Amino acid sequence: MKSWSHLGHLAAVLSLLAVCAFSLRGGADGVDALKCATLLAFVQNAHWTEQSAANSPLTVGVVGRTDFIRWLRAGLEGKIVDTHQLRILEISAPVDPQCCQVLYFATDKPAQIKPVLQSFSSAHVLTVGESDSFLDQGGAVNLFLMDGHMAFEVSLKALDRAGIEISSKLLRFGQIRDLAKGRAK
């Protein structure tokens with residue numbers, strides 16, 4: 001039963017998020033651990049309209065902070081999602097939009113975000129960021145801290161444009177945002 005499998009994945013990730021919440025006292029490392037766990041939840045609950053070949057790697061490209069890339073490599077690289085082994089790829093220059101299925105922006109600098117997002121605009125890539133203006137720039141998922149907890153907001157328009165669906169079981173924990181209205185309250 002595939003739906004039970006997805007519920008099990010979601011429960012495991014949410015448990016990991018709860019455990020990681022205690023590490024917030026550790027500063028940036030605690031926040032990065034939460035972001036890593038939340039990213040894993042999105043990868044596990046994403047469905048691409050263009051399916052990758054079975055057993056091919058699922059690549060997470062990362063733009064920005066080297067410390068976060070290390071967190072992802074330590075926490076996610078090699079994990080299996082469905083039949084795909086996760087691979088982490090540092091992106092530092094314009095690259096082929098086909099290089100990854102997920103693109104994480106570990107930066108809040110528009111000069112780093114905008115050109116890369118534009119080069120990936122027609123690709124079937126899940127874009128995840130951590131800046132207040134990320135969804136306004138065309139990103140799909142934005143992570144942020146709210147009252148000491150990891151939260152997220154999602155642009156359904158950006159997900160639709162990328163040909164990606166996220167399970168409603170995960171989306172119910174976040175905010176669905178219309179780009180024209182600003183951050184949901």
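User: In what order do the eight strands of the open sheet stand, and what is the pairing called?

Analyst: In this predicted model, the order is S3-S4-S2-S5-S6-S7-S8-S10, and the pairing is mixed.

User: What makes S3 and S10 stand at the edges?

Analyst: Strand S3 (80–81) and strand S10 (175–176) each have a single partner strand, so one side of each is left without a neighbour in the sheet.

User: How do you know that S2 and S4 pair?

Analyst: Pairing requires at least two bridges between two strands. Five bridges join S2 to strand S4 (residues 84–90), therefore the two count as paired. S2 and S4 run parallel, and threonine 59 stands opposite arginine 87 in S4.

User: Which helices pack on these strands?

Analyst: Helix H3 (residues 66–75) lies across S2, S4 and S5, at about 165° to S4. H4 packs on the sheet too, touching S2, S5 and S6, and its direction makes about 165° with that of S5.

User: Which residues of H4 are called buried, and why?

Analyst: In helix H4 (residues 110–119) they are Ile113, Val116 and Leu117. Buried means under 20% relative accessible area, so each of these three falls below that cut-off.

User: Why are the buried residues of H4 said to line one face of the helix?

Analyst: Seen down the axis of H4, they fall within an arc of 100°, so they line one face. An α-helix has 3.6 residues a turn, so residues three or four places apart point the same way.

User: What does each side of H4 meet or carry?

Analyst: The buried residues of H4 pack against strand S2 (58–64), strand S5 (102–106) and strand S6 (126–129). The face turned away from the buried side carries Ala111 and Gln118, which are exposed.

Notes
Residues are numbered from 1 along each chain as its sequence is written. This is a predicted model: local features need pLDDT of at least 70, side-chain atom pairs count only at pLDDT 80 or more; totals for chains, interfaces and linings use all residues. Side-chain values use heavy atoms; hydrogens and water are left out. Buried means under 20% relative accessible area, exposed over 50%, partly exposed in between (1.4 Å probe, protein chains only). Helices (H or I, at least four residues) and strands (E, at least two) are DSSP runs, numbered from the N terminus. The arc is that of the directions from the helix axis to the C-beta atoms. Contact means heavy atoms within 4.5 Å. Axes are lines fitted to C-alpha atoms, for helices over the stretch in contact, and angles run from 0 to 180 degrees between N-to-C directions.
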